[in-house]
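Dear colleague,

Please find below the structure that I am handing over to you.

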Amino acid sequence: MQKIGVFVCWCGSNIAATVDVSKVAGAVREEPDVVFASDYSYMCSEAGQLMIQNAIKEKGLTGIVVCSCSPRMHEATFRKAAQAAGLNPYMVEIANIREQCSWIHKDKEEGTKKAILLAKAAIAKVRFNEPLTSGETPVTKRALVIGGGIAGIQTALDIADAGFEVDIVEKSPTIGGKMAQLDKTFPTLDCAACILTPKMVDAAAHEKIRLFTYSEVEKVKGFVGNFTVDIRKKARSILEEKCTGCGACTEKCPSKKTGNEFNERLDNRTAIYIPFAQAIPNIPSIDREACIHFKTGKCGICQKTCGVGAIDFDQQDEMITRKYGAIVAATGFQPISLERFDEFQYSKSPDVITSLELERLMNAAGPTKGELIKPSNRKHPSDMVFVQCVGSRGESCREKSYCSKICCMYTAKHAMMIRDKYPDINVHVFYIDVRTPGKNFDEFYRRAVEDYGVDYRKGMVGKVMEQKDGKLLVQASDLLTGEQLLLHTDMVVLATAIEPDKSARPLATMLTASMDTNDFFTEAHPKLRPVESPTAGIFLSGTCQGPKDIPETVAQAGAAAAKVIGLLSRKKLLNNPQVAKAEERLCSGCSGCSKVCPYGAIDYEVREIWDHGVRKTRRIAVVNEAVCQGCGACTVTCPSGAMDLRGFTAKQIMAEVDAICR
Amino acid sequence: MREEILWISGVNPLKCMKCGKCTASCPAFEKMEYHPHQFVEMVQNNHITPLLESESQYYCMSCLVCEERCPRGVKPQKLIEAVQVLKLRASEGNRLKPQDVANRLDPSLPQQALMAAFRKYSR
């Protein structure tokens, strides 16, 4: 004998404004098996939950229906409340009369009629609910951090300090990321390398952290707590155990024509190279595309030079498979391509550069040893123009719609540093808005204007033209004076928009983690869950989730680490029991289900079955309940109807349809 | 007047983020009293009479650099052309009626000229 309780929520005025909630409660009170029906202003509140729990205990309810917001909001809340009152949490059904009813209708009569139907459907369904129990899975006590920039390093350090093993996989030959390329960081003007390299060393030295540099993730299988990841360790052509990092090989290499990525291709590097002096690990790699030996079979000078025989031209990529409980995406960003911004002549003139290129020019370890000179003729500039928002905040197809967040601050930093080091250089900044919201950020920008005399103009640069005398003619507008200016300048610096690293999208596919149209990883909730992906076990750290500066990155990295630590500390994980199951007496072993399963959750075994008095041996489908996500593809494919989804059985769904159509 | 200009041009001035790139790129800047970004702002604020009375609208060459470079897709040139059209329509310039077209058709007349004439002179 069933005893169903129905609880109709007003959700303040969210539901009650368009649905007559007491009428709904009244209408369902007469339904068969319903012994209790009530309405209340906020069912999810403590008082509301108490009402449900008291009704369960006093009336001995066997199942409940809550008519409220979407189950994505509070299904978990009501399941917990039911469980606390002694009712199996899967005897709870939610009728969504908010997102699917009150929020999309304006007419109260229509809304009420529909809400009553939805409630009746949920009651029809809960009659067939079964008390389900979650299965348990173990948790591998190791985390994987994909990306070795400041975000990945910080997350790994925090996880390792809590006592868990962490692997960092980084695709370039060294960890450090974009922060290693920076000169000084705002708003403190700390030297980027000085604050980053100690963290890099900590990461390398930490007994719980293992670095896989020059490596990429190739395949991810499994589920939260139990991931199996294939990592490709690319061949450096160096035997790491033997190499002492002396660098003699890099000095002798005759191939010097490859653009040096670390210096934004402002100078060249050799084919065998260490990216920068403080690289970790301090081991060179051979770029096989540039290496004369790999291209022609000749040379081999580095091998002859090496005193310890560490060069191995025959080295192959190595595939490594490791198990992890949690994965953190920390793949970072890159500046956008400027090939469609012809008005700035970036592709034509070497004196038109991006802000990251300027960082390298000003860095004492950069291509000009920190002297700011024009790339075209290596002479000292006397005038510079900075252009903001290049490729950001736009709606055309060549630009990004979002604000890249860091550029207003780094341009103020660049302008201030140039005026400080070279007071003879005139610096102009053309801006649309100046966005400096962080702690001490606005004061920083005002110092640039008031103390260092940077000429900030509200307006935009229309075009840049190369002049015969080697200078650049900049045509720009000043909207506050109403002028169109023609400036003869030496260098133009473009504050280029940033976008996610190009490895992010293939990685999101491997992780089945969601991404937005700009290729930023989506967070589970933009306000309340900023460091988790909706995919369980995947966490987000740094600019791969959205543009941000270093203080925010470090904060988010710590937050992601905290979530990972919470996950890895658990003894076991409870999985969702609303998964598929094959009825062994109906299954013919046709393999249709496993072919459509996107998660690879279905396997087969030969079993002895007692079928209508006859003992038969049959090959039947078996679902791995921890991997199954309950998508239902197999249930639709199954020709005999053997495969059904617990919690959404064919019987339950038909009952809902009948209730609506009655 | 604002509604009519918006209807003729199909432009949404609210999209403008007041960056000034249109005016920075405009080759006719020197000759204009009111510049492309000001056309957008003044139409939005219904401050249209000075635009109608100024000669600026005639110096627009329809080179479309402003449209090409605007990051928000505002099309200032369309707005300026719409101001010209408004002025024409207000000044009893209704010289072409649809009934007259058949008599005046010249096979060597390009279609574009016919369409442009209709846009400017009808109503």
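**Domains of chain A**

Chain A is divided into domain 1 (4-126), domain 2 (142-234 + 317-332 + 501-568), domain 3 (248-305), domain 4 (335-499) and domain 5 (580-646); these bounds come from an automatic or database domain assignment. This is a predicted model, in which local features need pLDDT of at least 70 and side-chain atom pairs count only at pLDDT 80 or more, while totals for chains, interfaces and linings use all residues. Residues are numbered from 1 along each chain as its sequence is written, and chains are lettered from A and ligands numbered from 1 in the order in which they are written.

Between the C-alpha centres of domain 2 of chain A and domain 4 of chain A there are 31 Å. Their contact draws on twelve residues from domain 2 of chain A and 20 residues from domain 4 of chain A, where two residues are in contact if their C-beta atoms, placed from the backbone, lie within 7 Å. On the domain 2 side, five residues are nonpolar, two polar and five charged. In this classification Ala, Val, Leu, Ile, Met, Phe, Trp, Tyr, Cys and Pro count as nonpolar, Asp, Glu, Lys and Arg as charged, and the others, Gly among them, as polar.

**Helix pairs in chain A**

Helices (H or I, at least four residues) and strands (E, at least two) are DSSP runs, numbered from the N terminus. Axes are lines fitted to C-alpha atoms, for helices over the stretch in contact, and angles run from 0 to 180 degrees between N-to-C directions.

The axes of helix 1 (residues 21-29) of chain A and helix 5 (residues 108-126) of chain A come within 9 Å, crossing at roughly 40 degrees. Helix 1 of chain A is therefore oblique to helix 5 of chain A (angles under 35 degrees count as roughly parallel, over 145 as roughly antiparallel, 65 to 115 as roughly perpendicular and the rest as oblique). The crossing is right-handed; a crossing is left-handed if the near helix is turned anticlockwise from the far one by less than a right angle, and right-handed if clockwise. Helix 1 of chain A contributes A:K23, A:V24, A:A27 and A:V28, and helix 5 of chain A contributes A:T112, A:A115, A:I116, A:A119, A:K120 and A:I123. By class, the residues of this contact are seven nonpolar, one polar and two charged.

For helix 11 (residues 355-362) of chain A and helix 12 of chain A, the axes come within 11 Å and cross at roughly 35 degrees, in a left-handed crossing. A:S355, A:L358 and A:M362 of helix 11 meet A:C407, A:Y410, A:T411, A:H414 and A:M417 of helix 12. Five of the residues in this contact are nonpolar and three polar, with no charged residues.

**Residue A:S404**

A:S404 lies in the loop between strand 21 (383-390) and helix 12 (407-421) of chain A. A:S404 counts as buried because it has 26 C-beta neighbours inside 10 Å (buried means 20 or more other C-beta atoms within 10 Å, exposed 12 or fewer, and partly exposed in between, with C-beta atoms placed from the backbone). Leaving aside neighbours within four places in sequence, A:S404 is in contact with A:S392, A:A497, A:I498 and A:P547.

**Chain B**

Chain B has nine helices and zero strands. Of its 123 residues, 33% count as buried. In total, 14 residues of chain B are in contact with 17 residues of chain A. Helix 2 (residues 21-25) of chain B gives the most to the chain B side, with four residues. That side divides into five nonpolar, five polar and four charged residues.

With kind regards
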